[in-house]
Amino acid sequence: QEKSCRLSAALLGEDSEISQDQLYELLKYAALGKRHSAAQPSWCRIYHQSHLAGVVVVVLHEMSQLHFYRFYLQFKHLRKVFQHRFTLAPSANFPVSLYGEGTNLKPQNNPQGGLTSTSSKCITKKSDLQCDPIIQRYGAKKQGLTSYTLTLEEQEKHGYPMEGSPRSKGYISTECDQQRTDSSPLFGLDCEMCVTAKGNEVTRVSLVDAQGQCLLNELVKPESRVMNYCTRFSGVTKKMLLPVKTRLSDIQTRLKKMLPHDAVLVGHSLNFDLQALEMIHPSVIDTSLLFARSEGRRFKLKFLAKAVLGKEIQCEQKLGHDPTEDARAALELAQFFIEQGPTKVAELNLEMLLTAEKRAELSQNKAALQPQGCGFQEQLNEPPPSSRPCFLDCLQVTGQKPLLLGRQGLDSSGLCQSNLSTSNEQILQRALEDVPLSKFSIIQFSLGPEYLASHFHAGLYEKVRSKLTDMLTIYAGPFQENFCMKRVKKKFGRCGPIQSLTVVTETFQPYVCIQYEVLEAAQLAIERLNGAEVAGSCIKVQRPVTAAMLDCKVLIKELELDVENEGVIYVAGLKNSLTETDLQEEFSQLKDLETLFLPKDLQSGKHRNCCFLKFQKTQSAVDALEAINGRTMKGSVLRSRNALAPGHLWRWIWQMNHSNGNQGKHIFYEKMEQLSDSEQDLRKKVKKLDHHIKKLYRSLQNNTLCIVLFPGVN
């Protein structure tokens, strides 16, 4: 039986935003599998990638999440078929950040006019070594060791102990001079430290000579009371130091005797070692600076040892670091750099190796990905490299030619070049013919420049923001004079987190206006409290009645049926003191529970009095609704309903509500009449666009990964 490909992603709530890097991971692995250093994405998993028939990326030029939700009802096919939906973090250069450096995708016109399908030629530029930070710092030619020692200015900049510096008061000099030559002896130095009442103090010192022989490997008793032995890193324990008599002054004396007058000390971030030793030495090579990177970043010693020397150090199986091993590794790295020269080191392309290693590491961590919760999305410690090779070029190497079809060509700078004679219908027709012949296709549709003007976009934003605000808002009343506001707030607060609650004074009898933070809370209040007795009054609960809200019931129903909300329920009435662990324990008996998400204020970080539960099966969600509604938990009655807003929409609503949406509002209304006419036409175009996507989707082979991107204007 043929295996079918499957994509698994369990991002919910705040984790529903992905970066360009994460999308790049997905596209690269889908296209290449395990070749060319591709690895499973860190945030999701593709099963049976080798059976993937192809990858199709549909780019809706300059359209964004704003367009999707403004024309939500028109995007009927898109929202019902595509199972995973994520907010895409903005990127300054969309094509380059997505496909890689060197992307040169241009559609070609045929003599008859219109667009011919063209296998886009993806040219990866050869590594320009002149731009490498190592070449920029040291030049391309091989030099002696003196060229790589830090100058006094560099030592001062990077916090090295120096003669006459107030920070080095009381420090001991090694009494070596600066009369070093290219024949001066190299010594590797590394220290392990603990935290004492005084600060960082040495607990172990290692010194190796140029042949890697260990000259010194000594435990040192700190002068002050130890507050943290940092055993995880140092490997030093309290028990190990109990019999030790050696003090820092003893080590200082021994080092002065061992080092010749022209000695060059080598270490990784050696300034910290010398500070802990309270010693001043004039000639140093710092391998964290020697293997230069851009923007002041530094490679870790563990990575350099593996990438350059092919050695594994600082293994997790060991307790703490071995200072002799680290000192020897730093020494050998400096020797490699001096012997091979900057060009050979730059050609190692360490930046790319680091990226590949990080992705492989994250891929291994996620290999047995089971959606246990929402907090599994990790961020890399290393900032992303400023550029990356174009993975489409790797496809060409394997004989698979990527395909680009679109009205806008993407040049190497990421700018669009218009070919207005080509319609979306022509692009679709070509796609239906040529996509089955290509392993990787990029199909770009556009609404046209008249719908992408800034004033039009601003008007759309205001309309969406206004409508979402109205959907989150309810009016309740009438109440008696001098009614208890506290009781009203408590009653309505059981439906979900309230953003604002005000008394309406324009009416004969008091009403209250309540704006919630989530759509489910407002809907729950209408369903449960309309006609109920609250604060001594039988009240009516309703949303604002405006022209834009006339289709609200239809929109609510469609949101509830959205494929992304299948098997997801909303639970309100939780106590704010409850943690995610408490809820996991409380709801553990519910069948097929897959994920629990506890929303929090994105500014304060405080949890809200509601949560979302995602179930593997729709029927299990229905059963859970019956089991939860009216259930008491820690003295609070729970209320529940089907979810309405996917995680990315919840976050977006929060951001809209906390932005100054009224700023410049009069500018929008000046153009509203004109916008209204244009919007009617735009609705038809969006509906047609959705139909194009439907036709293209239905023509795809089984086991095709299809991704639709709303990249926005940035």
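This is a predicted model: local features need pLDDT of at least 70, side-chain atom pairs count only at pLDDT 80 or more; totals for chains, interfaces and linings use all residues.
Biologist: Phe479: buried or exposed?
Modeller: Residues are numbered from 1 along each chain as its sequence is written, and side-chain values use heavy atoms, leaving out hydrogens and water. Buried is under 20% relative accessible area, exposed over 50%, partly exposed in between (1.4 Å probe, protein chains only). At 1% relative accessibility, Phe479 is buried.

Biologist: What kind of aromatic pair do Phe75 and Phe710 form?
Modeller: Searching the whole structure gives 16 aromatic pairs. Rings of Phe, Tyr and Trp (its six-membered ring) pair if their centres lie within 6.5 Å; planes under 30 degrees apart are stacked, over 60 edge-to-face, the rest tilted. With 5.7 Å centre to centre and 80° between the planes, Phe75 and Phe710 are edge-to-face.

Biologist: How many residues apart are the two partners, Phe75 and Phe710?
Modeller: Helices (H or I, at least four residues) and strands (E, at least two) are DSSP runs numbered from the N terminus. Phe75 is in the loop between helix H2 (65-70) and helix H3 (76-81), while Phe710 is in the segment after strand E33 (704-709). That pair links distant parts of the chain, and the separation is 635 residues.

Biologist: What is the relative accessible area of Phe710?
Modeller: Phe75 is buried at 0%. Phe710 counts as buried too, with a relative accessible area of 19%.

Biologist: And what type of pair do Phe479 and Phe483 make?
Modeller: Their ring centres are 4.8 Å apart and the planes sit at 20°, so the pair is stacked.  Phe483 is buried at 16% relative accessibility, and its pair with Phe479 is, again, stacked.

Biologist: Which residue lies over the face of Tyr72?
Modeller: Tyr72 belongs to a cluster linked by ring pairs, along with Phe68, Tyr69, Phe75 and Phe710. A charge sits over a ring if NZ of Lys or CZ of Arg is within 6 Å of the ring centre and within 35 degrees of the ring normal. At 4.6 Å from the ring centre of Tyr72, that residue is Arg79.

Biologist: How wide is the arc holding the buried residues of H21?
Modeller: In helix H21 (residues 552-561), the buried residues are Cys552, Leu555, Ile556, Glu558 and Leu559. Take the directions from the helix axis to the C-beta atoms: the buried residues line one face of the helix, because they fall within an arc of 165°.

Biologist: How far is the C-alpha atom of Leu447 from that of Leu682?
Modeller: Leu447 is in the loop between strand E20 (440-445) and helix H18 (454-472), and it is buried at 5% relative accessible area. Skipping residues up to four places away in sequence, its contacts (heavy atoms within 4.5 Å) include Met63, His67 and Leu682. Leu447 and Leu682 are 235 residues apart along the chain, yet their C-alpha atoms are separated by 8.0 Å.
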